[in-house]
Amino acid sequence: MFVSKMTLNQSSLFGQVDDLQDLTFIERPIRRSLKTAEEIEKLTVDEDLNDIERAVYLLSSGQDVQRASVIINLPNLVRQNPAETFRRVVPKVREVLHVAGADMQLAAAGSFLTLLQDDIVLIQTHTHSILQIVLLNLDHRDTVVSNAWLETLLSAIDALPKETIRQEILSPLVSKAQLSQSLQARLASCRILGKVACKFESPIVKKDLLPLVRSLCQDVEYEVRSCMCRQLENIARGIGLDHTKAAVLPELVELARDEGSTVRLAAFDTIINLLEMFDSDDRTRVIFPLVKTFCEKCFKADEAVLASLSFQYGKLCHGLSASFTEEQHLWFLEFYKKLCVLGLQHENGHSDNQVYPLELESKYALVRRNCAYNFPAMVLFADPNHFLTELYPTFSSLCHDPEITVRRTMAEGFHEIVKLLGPNVHFIHKELVVLLQDDSLEVRHAESHFQLIVPELVPALAAAEQKAALSLRWRVHERLLQRYACLPRVVSADQIYFRFLQRMFAIVTTNNVLPVQREAARTLCMFLRYNRKQEQRQEIIGKVLQELAQGRSYWNRLRYLDLCEIAMELFSKAYFCKHFLIQALELVNDPVANVRYKLCHMLPQLRSTIRLPADKHLLQQLEFCVRKLLCREKDKDVVATVRKVREGGVDDITEYYFNLGHLEMSLFIKEKHIFCPLK
């Protein structure tokens, strides 16, 4: 943003503006885009000043935008002249930041992070200067600004040496963590402690950090206790396994019984993340009773915490399962079943439609959705061999849940359940069909990602497609047809031929949505490609030619050309030429100009499938097709298109053939130019 003095005919410039004053409709934009002479003077800096002098001048006397520019450019100044920058510029930056607005503060936080991370600062005294400014601004009254400086410090810690951290960060941290400091300062202290814990050896963490950690865990404000609790994972990993049991576990136990729900939740999450650091005895005697009490208390009176509990439940059960007694194992399984029907009062397997307040109903639905997310993990926890007796009723309830999000989550994880059940997969056939035939398109779309070889799959898929076709959401129908392309991998050719093939033809010929028609044509080509029965393949090709290429509706003939484009992608050139090319070229005689127009656009693609010299006869037919269009076509758009395509290189192959010395082809070319000269 530096503006240097230069020769400028200002009177001429502003004279032109004066001439436009009568044009009132553009007067205001012009005034917005130009500076007055006084404003330009304020922004002008002597060009003889060097970079350091210019930076000092702008920080002292410049506009806010110029000061911000200097601060953003600070890393470059340090690279060019570190000694002078730290001697003259950085002190000025510190003065400016004392009264700077939020935007300039945020820009400074970014620049100082660059200085600390990119090895620009090589002298310890310079690092000290930067960290002093960062630490000073941690107490900024604007929370957004203070958080930005905190993130700068936390990110810089990774790049700083241990001794620098100890001297510059830990020393002032002792005072900032005291109860007499602001809430904001104590919250920042919690996060800094968690960050630096992994930078030091266990004895240092135990001696220098743990006293501060204990103090903050007992802070009078629940926000501080919660924040420090979430850093205990890093503290535990910093002091190691040997000291975690004695130093960290007691704090977690105390925090798990805290009166604040957010503190209890933080303790619960931390316990789950540290399960591998507790031995079997601790898990059985301490963790299990603690978690059990936490679960019971949340279930009775803390619906907000239940959402997090239900999401973490699978991880919790697997982390503790090795230490469970049979009774404990059963308790956790039964508690999971309660969570799965939370908000649903069941009687004889049916809901009594009890009405809850909307906010509470949403929380209960989220809990059940999290339970659906964890269901594969709970199948493993309960043992797949016991699925029918232990979890099938719960599984069925989740698949029939009144909330769409719950059923969709079950559909998305269905393939994982199938893998776990193995030979017992037949237990869930009914629910598979239910999900495939769900009234919600979201649920059916989620399930369409998964294919399974079971007798019920084929009719269920067919029914799902029929429902999608009858809906107004054609994109869901299109995506479902995309999934059908995978059917040849899991469904026999006979099932596809007799149950799906005719339906694809019906969609191509009768559906009113073009993307759906084209997707059905692509799926039809996939069915043809993976069908290994020659008789069926011939019948499919014959039906394509009869119903599309020779169809009575020009719309069907256009779809044949769409199918040809797809076939050129999926099949070999030889296969395409043998079964599709001739019929495509014959559409040159189509009575509808739109069909001929599309054919003209496809000529280069069709030409690319011809292999020489083997396909000489096909090349002749393509050239006759071009000649016929040039000689007889009356539609101006078709003529223009065929001329453009021909000039673009349709004759390249014929020239190649001529160069090979084939007299017959050269005569054909001459005949073409004699009877149909180009204008």
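A: Valine 305 is found in helix H19, which covers residues 303–320; helices here are DSSP runs of H or I with at least four residues, strands are runs of E with at least two, and both are numbered from the N terminus. This is a predicted model, in which local features need pLDDT of at least 70 and side-chain atom pairs count only at pLDDT 80 or more, while totals for chains, interfaces and linings use all residues. Residues are numbered from 1 along each chain as its sequence is written, and side-chain values use heavy atoms, with hydrogens and water left out.

With a relative accessible area of 3%, valine 305 is buried; the term buried stands for under 20% relative accessible area, exposed for over 50%, and partly exposed for values in between, with a 1.4 Å probe and protein chains only. Leaving aside residues up to four places away in sequence, valine 305 touches Ser261, Leu265, Phe294 and Cys298, where contact means heavy atoms within 4.5 Å. The C-alpha atom of valine 305 is separated by 8.6 Å from that of arginine 264, a residue 41 positions away along the chain.

For the setting of this site, the protein has 40 helices and four strands, and 49% of its 679 residues count as buried. Among contacts in the protein with a separation of 6 or more, 69% come from residues 24 or more positions apart.

In the model, residues 209–246 are 84% helix and 0% strand, and their end C-alpha atoms lie 15 Å apart. For residues 248–285 the chain is 74% helix and 0% strand, with the end C-alpha atoms 16 Å apart.

The contact joins Leu183, Arg186, Leu187, Cys190, Arg191 and Leu193 of H12 to Glu223, Val224, Cys227 and Met228 of H14. By class, this contact of H12 with H14 has seven nonpolar, no polar and three charged residues. For these classes, Ala, Val, Leu, Ile, Met, Phe, Trp, Tyr, Cys and Pro count as nonpolar, Asp, Glu, Lys and Arg as charged, and the others, Gly among them, as polar.

Side chains of opposite charge can pair when their charged atoms come close. A salt bridge is taken as a side-chain nitrogen of Lys or Arg within 4 Å of a carboxyl oxygen of Asp or Glu, and by this rule the count comes to 35 salt bridges. One of them joins arginine 285 to aspartate 281, with the closest N and O atoms 2.9 Å apart; because these two residues are four residues apart in helix H18 (residues 280–301), about one helical turn separates them. Aspartate 281 counts as partly exposed, at 36% relative accessibility.

Lysine 337 and glutamate 334 likewise meet through their side chains in a salt bridge, at 3.1 Å from N to O, and they are three residues apart in helix H20 (residues 326–340), so about one helical turn separates them. Lysine 337 is buried at 17% relative accessibility, whereas glutamate 334 is partly exposed at 34%. Elsewhere, Arg518, Arg559, Asp562, Glu565 and Lys598 are linked in a network of salt bridges.

Two backbone sites remain. Most residues other than glycine have a negative phi, and most peptide bonds are trans. Aspartate 383, in the loop between helix H21 (358–382) and helix H22 (387–390), has a positive phi near 85° and is partly exposed at 29% relative accessibility. A cis peptide bond, with omega about 5°, joins leucine 612 and proline 613, and proline 613 is found in the loop between H36 and helix H37 (616–632).
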